[in-house]
Amino acid sequence: MTTLAATLSSQENKSLASIAANLDVEMKNPITSVQIEALVVMKIIKHSRESLSGTATGQLLGMDVDDTLNISSAYPAPPASTESPEEIAQYHTDMMQCLREVNVDNNTVGCYQSAHFNTIMDAATIDTMYNYQKNLKKAVMLVYDLSRATRGQLSLRAYRLTPEFMEVYAKGKFTTQTFTLTGLSHKNLLEELPVVIHNSSMLKVLMQEFSEPSPIVDPLGHLESSLLSAQSTAAPSHLDSINTQALELSLDPAMEKNLESILDGLEKYNTHRHQYQYWQRGYAREQQKIQQYVHRRRMENAQRVAAGQTPLAEETEEQVEAKFNLPKEPSRLAHALATGKVDNYCKELSQYSGPTLSKMFAVRELQK
Amino acid sequence: MITHQSDLILSLDFTTSDTRLMGGQVSQSSAVVTVVPTASTTPLSAKTVIRPLVFFTILDHFLRRNENQDRVIGTLLGRLSDDHSSIEITNCFPVPHFESDDRVEVDMEHHSTMIDLYQRVNPNEAVVGWYATGSNLNSYSALIQDYYNREVSSGQSVHLVLDTELNENSLGVRTFISSPVGSLTKPENCMFVPVPFTVKYNESEITGLDVINQAAQNEADGTAGLVSDMDALEAALLKVKEMLQRVAQYVDQVVAGQVPGNNVVGRYIMDMLTATPKLDSAAFEQMFHSHLQDVLMVVYLSDLTRTQLNIAERLQRLV
C-alpha cells in the first residue's frame, strides 16, 4: 500500500502544472489573500464547537499560488493541557504521514485557533505565530470567532504578523526605543488578510442536494411543503431556513460579556501602565545619580589638573552605567498587546451595537 | 478466506463463484426496505444521523484519489445515541485501499493509527462504520463490512455509500447495515439492509453552510467572502419579510376561497400571533428608551476608551 504514488488524474495534473509554474519557490512575493476550502471551514467549526471550554487549535495544510494562499485541509491538534509538547510533536508527525498517504496537501501553511471576540492578542499566540512565520514565510493564522458564531455569523479571519514586527520579535528587544524607531504600535503588530471561501464542483452538487427537499420530512417540513405546494414557489430546504440567530433579541448577555472582557483588559492595561511608570521614575532617579557622579568626577579631574596631578582615567558611558543598577525596562510588547486587546474589545462592541440598535428599532415598530 | 499479512494489511481473496453469489444478494437486498431483525445481542440501530462534515470529507477524499482508482473508502467515526435507537456519524477519515479483479487490500495500519490520533483530540468518537463512493455495493463490500463489524464496539457497523459518478443526477447517499445470511456464517455472505438517515446541523454549522452555499451559487469561481454583522441582519430580515408575504398571500387566498384551508397551517399561524407579547405602549416606550440609553452609553464609553488608548499611544511616541 505504501508504494501507492501520489499521482493524480491527468486533468488535475495539467492544472497542477500551471500551478507549479506560478509557484513562488523563493517565497519572495508576499501573500495578499487567503482562500479556504469549505471542508476546512466545517472542520474548524466542528473542532471549535467540541472544545468550547478551551481554545481549539490545529494545523492548516495547503499551498500558495501567486499571492493567494490556498488552504485545502486542516486537522485538529490535541489539547495542550493534557499532553506534553513531545507527544504533540509526535502527533503532528504521525498525522502528516497519514495524510500524505491519502494525497492530502502535506504542506503546513499555518494554524487555526478559536477565540472569543476575535482576540488573539496574547503572548503565547504571538509566539506561536512567530514560530510558524519564521519557519514558513507565508504562514497565516485563522481565527474563528466563537462569540460571533453564537450570534449566527461565521467569522474566520486570517492574520499574519507584520514584517516590521517579525524583525523586532527576532531581536527580542521590546523597549520604547525600538518601538518608536520602527513605528510599531498595537495597530500594526498584526495584518489581516481578506478571506474567501471556495467550493469544489463536487461540493456544489452536495449543496444543491442539501437545498432540495429532503426525502424524510418532519411534521414542520410537511407543513411547509404543503404550504408551498399550494403556492408552487421555491421548495423548502434545510438551508432555506432563516438565520434565526441573527434575529435573536436577547442582546444583553453578549454585551455584558463583552463589557466584562473590556474591564479585564483594562485592568491588565493598567497594571502594565503602572509598571511602566514605576520603571520611568526609577530610571529617572538613577539617571540623575549618574549625572551627579559624572559631574563630580569631572570637577575632581579639573582640580587634579589644576594641582598638577595626573587626571583619573576617562570612563565610557557603559562603565558608568554598570556602577549603578539601572532598572530594566518592562516589555513594551506586553503593553502593546494589552492595548490591542482593549482596542479590539471596544471595536467589537461598537460593531455589535449597530445591529443591536437596528433590532431595537425594529421591535419598536413591531409593537406599534 | 481472510488472511492477515504481517498484521498490517487485511488481504481478502475470494473466488469468482463467491462474487456471483454476492452480486445476486446485493441486488436482492436493495429491494429490501424493512429492517430484518438479527440474532445479535445489541438492539439493531435502525437510524443514522449524519453530520454535514462527513460528506465534505468524503468528497474531498474522492477528489484526491489516486490515478485509475474509481472508488475510495474510509472509516466513519461517531457515537451511538443513548437509547441505542440511532447512530450519529460525526466524523470520518480516508483509508487507502487497493482493488483488483480478485483481491482487495485495505491499509489497516493507516486505519488504526488514524483512530488513535483522532481519539486523542476527541475521545468521544468511536468507529461506527465505513464509507465508500460509487454507484452501488460491489462484491468486496461484504468483506470490508465484515472487518468493520468486528471493529465496531456494538458489532453493527454502518456502511455509507455516496454516488460520485452522479448517476440519476444526484449524490444518492444511502446508508446500510448488514445482517448475516445463510446457515453458515461466512464473512463474504451478508445482506445489506438500507436504513434511513437524516442530516443534522447545529447552529454554528448552519452559519458555516450558509456561507458555503453562497459560494456554491457563485457560478464564476465558486468563492464567497464573509459578511458583516449588518449584512447578515439585513439578509435575515429580508427573508422574514418574504416569509410573511408568503403566509399573507396564502391566508388571502384561503379567505377568498381559492385554496382550501389547511387546519394545521391555521393553528400554526394562530400560535405565532399569540406568541407576540402584548405590552402596554407606555411601559414599552419606557423599556425601549432605557435600553436605548444603555446601549448608547456603552457604545460611547467604548469609543471613549479607544480614543484614550490612541492618545496614550501617541504621547508615548513623544517621550
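How much area is buried between domain 1 of chain A and domain 2 of chain A? In this predicted model, the value is about 1,700 Å², and carbon and sulfur atoms give 63% of that area. The size of an interface is often given as the accessible area lost when the parts come together. The paragraphs below begin with this interface and then turn to individual side chains.

The domain assignment places domain 1 of chain A at residues 4-201 and domain 2 of chain A at residues 253-366. Their C-alpha centres lie 32 Å apart. At the interface, 19 residues of domain 1 of chain A are in contact with 21 residues of domain 2 of chain A. Within domain 1 of chain A, the residues that lose the most area to domain 2 of chain A are A:Phe117, A:Met121 and A:His186, which together account for 36% of what that side buries.

Which kinds of side-chain pairing does the interface hold? Across the interface of domain 1 and domain 2 of chain A, the rule finds zero salt bridges. On the side of domain 1 of chain A that touches domain 2 of chain A, the elements giving two or more residues are helix 4 (123-135), helix 6 (163-171) and helix 7 (176-182) of chain A. By class, that side of domain 1 of chain A has nine nonpolar, six polar and four charged residues.

Salt bridges do occur elsewhere. A search of the whole structure finds eleven of them over all chains. One of these joins the side chains of A:Glu192 and A:Arg157, at 3.5 Å from N to O. The pair connects distant parts of the chain, since A:Glu192 belongs to strand 7 (residues 190-193) of chain A and A:Arg157 to strand 6 (residues 156-161) of chain A, 35 residues apart. A:Glu192 counts as partly exposed because its relative accessibility is 44%.

A further salt bridge is formed by the side chains of A:Glu191 and A:Arg160, again given at 3.5 Å from N to O. Here too strand 7 and strand 6 of chain A are linked: A:Glu191 lies in strand 7 and A:Arg160 in strand 6, 31 residues apart. A:Arg160 has a relative accessibility of 11%, so A:Arg160 counts as buried, the cut-off for buried being under 20%.

The side chains of B:Glu88 and B:Arg79 meet in a salt bridge at 3.8 Å, N to O. B:Glu88 counts as buried because its relative accessibility is 12%, whereas B:Arg79, with a relative accessible area of 36%, is partly exposed. These two residues are also part of a network of salt bridges that links B:Arg51, B:Arg79 and B:Glu88.

What lies 3.3 Å from a polar atom of the side chain of B:His159? The backbone oxygen of B:Trp130 is found at that distance.

Methods:
Residues numbered from 1 in each chain as written. Chains lettered and ligands numbered in written order. Predicted model: local features only at pLDDT ≥ 70, side-chain atom pairs only at ≥ 80, totals over all residues. Heavy atoms only, no water. Domains from an automatic or database assignment. Contact = heavy atoms within 4.5 Å. Buried area = accessible area lost by both parts, 1.4 Å probe. Salt bridge = Lys/Arg side-chain N within 4 Å of Asp/Glu carboxyl O. Helix = DSSP H or I, 4+ residues; strand = E, 2+ residues; numbered from the N terminus. Nonpolar A, V, L, I, M, F, W, Y, C, P; charged D, E, K, R; others polar. Polar contact = N/O pair within 3.5 Å; in protein donor to acceptor, adjacent residues only side chain to side chain. Buried < 20%, exposed > 50% of the residue type's maximum accessible area, 1.4 Å probe, protein only.
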